[in-house]
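Keep the structure open beside you as you read.

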Amino acid sequence: MPVPMELRRIVTDDVREQYVIYLKEVDGDRIFPIVIGLFEVVSIERRVKGVPTPRPLTHDLFCQAVELLGGEIQDVLISDLHDGTYFAKVRVKQHGELVEIDSRPSDAIAVAVTAEVPIFVNESVLQESTEKE
């Protein structure tokens, strides 16, 4: 069962070149940390802080392409964890059908922030990797 999450904070460690975002359970206190890349953290931070860009970034381009092709981004889902690697899906409604697009979780979260859509994590994934706030 997917659990609704919200972006809680972004932590940057420039010394180790590691970036972590923390998602918090909407109706609970579980925290889901996930390591992401520099490009994704910059994209997410720009959206959160409302910093405009002179030209569309990759996540902007993706959202625009979906819309121009007649789709609507519904939400994103961090769906699985296999051998320490998370898997995600960007879920798009198109012509009355739900299309799931395979994605890295960091890109899916950046798309969710860009498109202002909900983020979900499957309960099984959440149980394996959560912290209490």
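What follows starts with the helix, then turns to one residue in it and to the core.

This is a predicted model: local features need pLDDT of at least 70, side-chain atom pairs count only at pLDDT 80 or more, and totals for chains, interfaces and linings use all residues. Residues are numbered from 1 along each chain as its sequence is written, and side-chain values use heavy atoms, with hydrogens and water left out.

Begin with helix α3, residues 105-115. Helices here are DSSP runs of H or I, at least four residues, numbered from the N terminus. α3 is mostly covered, with 10 of its 11 residues buried. Buried means under 20% relative accessible area, using a 1.4 Å probe and protein chains only. Among the buried residues are P105, D107 and T114. After α3 comes E116, and its phi is positive, near 55°.

Now look at T114. Its relative accessible area is 13%, so T114 counts as buried. A polar atom of its side chain lies 2.8 Å from the backbone oxygen of A110. T114 also touches R47, H59, D60 and C63, leaving aside residues up to four places away in sequence. Contact means heavy atoms within 4.5 Å.

Next, the core. In soluble globular proteins, nonpolar side chains tend to be buried together. A nonpolar core is a set of buried Ala, Val, Leu, Ile, Met, Phe, Trp, Tyr and Cys residues joined through side-chain atoms within 4.5 Å. The largest one has 30 residues; M5, L23, F32, I73, I78, I109 and V121 touch the most other members. α3 gives the most to this core, six residues.

Conventions:
Helices (H or I, at least four residues) and strands (E, at least two) are DSSP runs, numbered from the N terminus. Buried means under 20% relative accessible area, exposed over 50%, partly exposed in between (1.4 Å probe, protein chains only). A polar contact is a pair of N or O atoms within 3.5 Å; within protein, one must be able to donate a hydrogen and the other to accept it, and residues adjacent in sequence count only if both atoms are side-chain atoms.
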